[in-house]
Amino acid sequence: MQSSRLLRPALALRSTAKQTPHLRTFAIGLSTRPYSTENTDRLKGPVTTKSPIPGMEAIKNTIAENLGKIIPGNELASSENQFSLDAVPDLSGKVAVVTGGSEGIGYGCTHTLLSKNVKKLFILSKSDDIAADAINAIKQEMGEEKGNRVVWMKCDLSDWEETGRTAFKIAEQTDRVDILINNAARGIMTYQLAKNGIDLHMASNHFGHVVLTSHLLPILKETAKKGDKVRIVCTSSNLHEQAPSDTQFASIDELNTDLGPQPQYGRSKLAVLLYVRYLARHLTSQHPNILVNAIHPGIVETRQSTEHIHEAFPLGGYAMSVGLAPFKKTQFEGAVSTMYAATMTEKSGQYICPPAIVEKGSDKANDVEMGERLMDLTWKVVKEKTKSQSADKGCPFKES
């Protein structure tokens with residue numbers, strides 16, 4: 001069962017913090033690089049149009065991106081990059097889908113969407129116990145009616161046939177989807193294979209969300225045709241920069257190479273960012289009302305950073321689970337960049353860091369040829385592994 005601490009109301013979580021004399025850094029991918037503005041040439045990826053931010057402002061933005069609790073992240077960001085969950089607009093009449101929406105950052109999104117009056121919310125996750133806890137917490141805090149707006153569906157994103165079927169079930173229960181948040185992920189853990197024989201990080205974090213998004217595209221397009229903005233958000237990470245330098249996304253053998261926990265995770269998050277920019281080039285260009293963006297949530301207090309990290313680093317993981325605890329963002333602080341991308345942005349193909357800072361990302365994240373190669377491999381692998389169950393029904397999205 002999920003710890004009730006991860007499901008406490010926003011105000012309680014925001015006020016929870018205890019002092020510690022030391023900050024130990026561990027796998028956090030902090031940087032003080034220059035930041036970029038919106039993409040001005042989709043085929044070349046985001047283009048830097050501003051000169052580097054002065055050093056102190058860059059440091060403040062870096063802290064705002066990654067830390068929380070006793071660190072007032074939003075206030076540290078420059079004024080044009082500030083955003084809070086209170087600024088999320090009213091969502092009456094809108095329908096949302098959130099993967100991993102029953103805990104951690106996903107629950108922060110779920111809680112916010114419901115508090116802002118979303119009409120219907122589909123939560124996809126693997127554990128019925130954790131989902132039940134989340135829905136009960138919502139009912140206790142917001143009332144039975146809000147809780148009844150949630151439809152939970154069991155879905156293991158590494159099982160692409162199940163993921164495709166789940167998408168079809170969603171389409172049977174709604175005539176619109178305004179917000180798709182591809183949030184669920186395997187964290188910094190050891191190398192394993194999914195049952196289809198593909199690296200579990202890539203199978204879940206990249207391929208699974210490609211399958212889900214592709215199967216939902218018909219209803220996403222129909223929603224956009226009504227004149228409404230449709231926003232797709234995919235959770236990446238600053239750790240995408242730690243994908244190996246020789247990453248090519250050229251073959252299954254490459255995908256199934258054991259790189260170690262952190263590079264394995266980082267490579268999958270690079271794939272997420274490349275996929276977002278692929279969709280910005282091929283989907284938004286044809287359907288301007290569909291906006292697709294990637295986000296970095298920061299270093300957040302979730303089971304990934306408190307429990308799962310010890311699977312990969314039994315002792316060293318305490319630097320993350322304990323040492324950084326007072327400085328990690330709460331699940332609500334960790335949802336800020338996602339909710340900005342899901343409800344406010346008017347751009348597509350961006351990489352948005354907390355609170356609402358648009359960052360360029362790594363050179364590989366802006367490599368258009370690599371993005372095209374990744375999606376070509378994705379299509380081939382999904383076709384090979386699912387046959388008519390998925391590939392022959394239009395997955396993954398491939399538009400000429």
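Good morning. I begin with strand β6, where both faces are covered: I290, V292 and A294 on one side, and L291, N293 and I295 on the other, are all buried. Buried here means under 20% relative accessible area, while exposed means over 50% and partly exposed lies in between, with a 1.4 Å probe and protein chains only. Helices (H or I, at least four residues) and strands (E, at least two) are DSSP runs, numbered from the N terminus.

A word on the source. This is a predicted model, in which local features need pLDDT of at least 70 and side-chain atom pairs count only at pLDDT 80 or more, whereas totals for chains, interfaces and linings use all residues. Residues are numbered from 1 along each chain as its sequence is written, and side-chain values use heavy atoms, with hydrogens and water left out.

Let us return to the strand. β6 covers residues 290–295, and six of its six residues are buried. Which strands pair with β6? Strand β5 (residues 230–235) runs parallel to β6 and is joined to it by six bridges; here I232 stands opposite V292. Strand β7 (residues 351–353) also pairs with β6 in the parallel sense, over two bridges, and I295 stands opposite I352. Two strands count as paired if DSSP finds at least two bridges between them.

T338 lies in helix α13 (residues 336–343), and T338 counts as buried because its relative accessibility is 1%. Leaving aside neighbours within four places in sequence, T338 is in contact with C109, I181, V233 and I295. Contact means heavy atoms within 4.5 Å.

The next topic is helix α7. This helix has 14 residues, 160–173, and at 1.5 Å a residue should span 20 Å; its end C-alpha atoms are 20 Å apart, which agrees. The expected span is 1.5 Å times one less than the number of residues. Which residues of α7 are buried? They are W160, T163, G164, T166, A167 and I170. These residues cover an arc of only 160° around the axis, so they lie on the same side of α7. The arc is that of the directions from the helix axis to the C-beta atoms. In general, an α-helix has 3.6 residues a turn, so residues three or four places apart point the same way. Among the elements covering the buried residues of α7 are β1 (95–99), β2 (120–125) and α14 (368–386).

Finally, I turn to salt bridges, of which a search of the whole structure finds 13. A salt bridge is a side-chain nitrogen of Lys or Arg within 4 Å of a carboxyl oxygen of Asp or Glu. One of them joins R149 and E145, at 2.9 Å from N to O. R149 is buried, at 16% relative accessible area, whereas E145 is partly exposed, at 46%.

R176 has two such partners to consider. With D178, the closest N and O atoms are 2.7 Å apart; with D228, the N to O distance is 2.8 Å. R176 lies in the loop between α7 and β4 (179–182) and D228 in the loop between α8 and β5, so this pair ties together parts that are 52 residues apart in sequence. R176 counts as buried at 13% relative accessibility, D178 is buried at 1%, and D228 is partly exposed at 24%. K94, R176, D178 and D228 are linked in a network of salt bridges.

Thank you for your attention.
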